[in-house]
Structure formats: structure tokens, C-alpha cells
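Please keep the sequence and the model in view while reading.

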Amino acid sequence: QKEVEQNSGPLSVPEGAIASLNCTYSDRVSQSFFWYRQYSGKSPELIMSIYSNGDKEDGRFTAQLNKASQYVSLLIRDSQPSDSATYLCAVNGWNSGGYQKVTFGTGTKLQVIP
Amino acid sequence: GAVVSQHPSWVICKSGTSVKIECRSLDFQATTMFWYRQFPKQSLMLMATSNEGSKATYEQGVEKDKFLINHASLTLSTLTVTSAHPEDSSFYICSALRDRGEGQYFGPGTRLTVT
């Protein structure tokens, strides 16, 4: 079982719709959860972080975390063609040496159709 | 902001030569920096974790003698690809951690082509 799992997609949504991106993780002691956006040929960009159960909203983005189910999601409201990118889920934990260990999912490709 | 720069943004080198890539956190001190490699249409692959003042921790399968990492200050980490070969051609991306538990801030990446 992969440590962080995402559906690779592509997920196609029409412009103006809500895009829902999902991620599951295996390490129960994970504390911090992040969503990154990566445009083709570019490096990832941090767009959302969430640390506690529930919803966190930032503009058109809402991150949702359910630690009991080991599930984190990203909702994008009013999707725009410019949102078309690969979205990476990342989970932070700590390794045995006390240093941060970050595990990324393989990403979900989102296509917003005009 | 939390800005991370990389230099150069792209480089072409001949097989057998060495290439150094710099990663700088411009407006914060980064105790930890990470180096990734990404091949076309593939996922990010973590190569190593670099902590200021200590040796880098390399991921399994990454040759530490080939990919030399130096994290000499809280704002600068370097990756040197030694004796580069065409199969080392890739997109190399660094990231920096501002605070423990926060997300990483990525540099813009360096596209390496070895001929």
C-alpha cells in the first residue's frame, strides 16, 4: 500500500463547476497535510495547508481533513481553465532521527473544460 | 512571502562534466531543504534531505557520491551532479522548509540536459 494515494485522473470538470480532489494516507501519526498545484513544466506551488479535522477555506479552495478516516480532500469552487494542473497531496510526519519526513502522492491531473 | 530561488534555471553540459545547482531561500532561514528530481510526466522523486550544518540524508537508490549536497548556511544549499551522463537529464527542484510542520516552498527548478 502506498503511503499517500491519489487518483491520477485526469479529472475533467466544466468551467464553473466544483472540482473535488481526494487523497488517503496510511500513517496515522501524520500531523500536517498540504495541497500543491503543479503546472506542466513548472515546480509545485503550495496552495493549502490543514492541520486539524474539519474544513479550511481560502478563496475558492477548501481543504477537508478527516484523521479518523485518514482522508484529506481539496475542493475548488467555480473552477477556471487556469486551474488545470496536477494537484499533489503531501503528508508530513517525522522520521526516527527527528527530522521532517514528507510524503507526496503521485498527483491528480485536473482539466477544466471551457 | 516565502521565496526560494534556484540557479541556473536551465543548463546543458557534456557527458562526464559536473554541474552545480544552487538553491536559496530569499526571505527566510531554512533549517531543512529538500532536493527532488522529476522526469517528464512522472511524479516528484525525493533525492535527499539537507539539514544545515549536517550531512544530507539520501533516499534509497540515490548515489551520494554522484549527487553531492552541501547545506552550508541557513539560506543556501547546493546540489552538484558529478560526472553527469545523459540519463541524469531531468528537472531538478529544491524546496525549503521555513518552520517545522509547515509546507515546503519550492524553487522554480533547474532543467539539466546532458549531451
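## Residues with positive phi

In chain B, B:Ser83 lies in the loop between E8 and strand E9 (90–97), where strands, like helices, are DSSP runs numbered from the N terminus (at least two residues of type E for a strand, at least four of type H or I for a helix). The phi angle of B:Ser83 is near 45 degrees, a positive value in a residue other than glycine. Because its relative accessibility is 34%, B:Ser83 counts as partly exposed, a class that lies between buried (under 20% relative accessible area) and exposed (over 50%), judged with a 1.4 Å probe and protein chains only.

Chain A holds another residue of this kind, A:Asp78, which has a positive phi of about 50 degrees although it is not a glycine. A:Asp78 is found in the loop between strand E8 (71–76) and strand E9 (85–94) of chain A, and it counts as partly exposed because its relative accessibility is 40%.

## How to read the model

This is a predicted model, in which local features need pLDDT of at least 70 and side-chain atom pairs count only at pLDDT 80 or more, whereas totals for chains, interfaces and linings use all residues. Residues are numbered from 1 along each chain as its sequence is written, chains are lettered from A and ligands numbered from 1 in the order in which they are written, and side-chain values use heavy atoms, with hydrogens and water left out.

## Chain B as a whole

Chain B has zero helices and 11 strands. Its radius of gyration is 13 Å, which agrees with the value near 13 Å that a compact globule of 115 residues would have; this radius is taken over C-alpha atoms, and the globule rule is 2.2 Å times the number of residues to the power 0.38. The C-alpha atoms of chain B fill a box of roughly 40 × 25 × 25 Å along the principal axes, and 52% of its 115 residues count as buried.

## A four-stranded sheet

Strands of a sheet pair through backbone hydrogen bonds, either parallel or antiparallel. In chain B, four strands form an open sheet in the order E1-E3-E8-E7, and the pairing is antiparallel, with two strands said to pair if DSSP finds at least two bridges between them. The edge strands, each pairing on one side only, are strand E1 (4–7) and strand E7 (67–73) of chain B.

Within chain B, strand E3 (residues 19–25) and strand E8 (residues 76–81) pair in the antiparallel sense over six bridges. B:Lys20 stands opposite B:Thr80 in E8(B).

## Cis peptide bonds

A cis peptide bond joins B:His7 and B:Pro8, with omega about 0 degrees, and B:Pro8 is found in the loop between E1 and strand E2 (10–13) of chain B. In chain A, the peptide bond from A:Gly9 to A:Pro10 is cis, with omega near 10 degrees, and A:Pro10 lies in the loop between strand E1 (4–5) and strand E2 (11–14) of that chain.

## Where the chains meet

How many residues of chain B are in contact with chain A? There are 21 residues of chain B in contact with 19 residues of chain A, where contact means heavy atoms within 4.5 Å.

The area buried between chain B and chain A is about 1500 Å², of which carbon and sulfur atoms give 54%; buried area is the accessible area (1.4 Å probe) that two parts lose on being put together, summed over both. In chain B, B:Gly101, B:Gln104 and B:Phe106 lose the most area to chain A, together 27% of what that side buries.
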